[in-house]
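Subject: Structure for your review

Dear colleague,

Please find below the structure that I am handing over to you.

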Amino acid sequence: MMDKYIDRFADQLLEALAIGEKLQEIPSPNPITNIIITGMGGSGIGGLFTQEYVSKTLKIPVIIQNNYQLPAFANSNTLLICCSYSGNTEETLEVFNQAKEKDCFIVSICSGGKLKSLSDAFNMPIIIIPSGMPPRTCLGYAIVSQLFVLYKMGLIEGDFITEIKRAAALITELKEDIKQKAHASASRIKNTIPIIYSAAPMQNVGLRLKQQINENAKMQAFAN
């Protein structure tokens, strides 16, 4: 079943773009001086990709917080992006509640659950993504939705839209070659403990590969 989800990754990117392009502008009541992205597991990894992507252009800090605790500096000038595929992730809900107490501006990304209920109750912006998939297969939804939050708030430009469309087209064009190389690599690392080393700009790709080996193949793996 997992191979079918992987096979649809390019389609997922395009679906995520379609969802994002329908969003209205997201006005913040206060100037945003820092951004926190919170989420766990398959939902949380998207924040690392987003952080890396915007690091060369965005002039305010982006912090990734993958646990129960909102950083002490968070205040009414903080944008908190809560990403939980199910909408029921315990750590993410706890950070949401702490952020509400500190008057942070909160935007949520989920398929439903308690996070949707909280967002609706407090009239907070929310992006709803399709449900019914394992969270670890929804990286495209997470990254694209987070970028659209920043874009619709006027914090980044929309260049990423064209880049993601190009990436989806390239993945589709090279799909069979990618599959063959993936099968060859899987055969080589079977019954081993892979150790993955990446250059700094690709470190999140290496981490994601480690996680996918952990979750899908049930194997130990390490990334540095």
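A residue is called buried when its relative accessible area is under 20%, exposed when it is over 50%, and partly exposed in between, with a 1.4 Å probe and protein chains only. Helices (H or I, at least four residues) and strands (E, at least two) are DSSP runs, numbered from the N terminus.

The model is predicted, so local features need pLDDT of at least 70 and side-chain atom pairs count only at pLDDT 80 or more, while totals for chains, interfaces and linings use all residues. Residues are numbered from 1 along each chain as its sequence is written, and side-chain values use heavy atoms, with hydrogens and water left out.

Helix 3

Helix 3 covers residues 41-54. Ten of its 14 residues are buried, and the helix is mostly covered. The buried residues are Gly42, Ser43, Gly44, Ile45, Gly46, Gly47, Leu48, Phe49, Thr50 and Val54. They pack against strand 1, strand 2, strand 3, helix 6 (139-152) and helix 9 (203-217), where contact means heavy atoms within 4.5 Å. The length of a helix can also be checked, since its expected span is 1.5 Å times one less than its number of residues.

Strand 1 is largely enclosed by the rest of the structure, because five of its five residues are buried. Asn34, Ile36 and Thr38 point one way from the strand, and Ile35 and Ile37 point the other way.

Two strands are said to pair if DSSP finds at least two bridges between them. Strand 1 pairs with strand 3 in the parallel sense over five bridges, and four bridges join strand 1 to strand 2 (residues 62-65), again parallel.

Helix 4

Just after helix 4, aspartate 103 takes a positive phi of about 65 degrees.

Salt bridges

A salt bridge is a side-chain nitrogen of Lys or Arg within 4 Å of a carboxyl oxygen of Asp or Glu. How many does a search of the whole structure find? The search finds seven salt bridges.

One of them joins the side chains of lysine 179 and aspartate 7, at 3.0 Å from N to O. This pair links distant parts of the chain, with lysine 179 in helix 8 and aspartate 7 in helix 1 (residues 2-7), 172 residues apart. Lysine 179 is partly exposed at 34%, and aspartate 7 is partly exposed at 27%.

Another salt bridge joins lysine 116 and aspartate 120 at 2.7 Å, N to O. Both residues lie in helix 5, four residues apart, about one turn of the helix. In general, an α-helix has 3.6 residues a turn, so residues three or four places apart point the same way.

Lysine 181 and aspartate 177 also meet in a salt bridge, at 3.3 Å, N to O. They are four residues apart in helix 8 and are therefore separated by about one helical turn. Lysine 181 is exposed at 54% relative accessibility, whereas aspartate 177 is partly exposed at 33%. Salt bridges that share partners also join Asp7, Lys175, Glu176 and Lys179 into one network.

Yours sincerely,
A colleague
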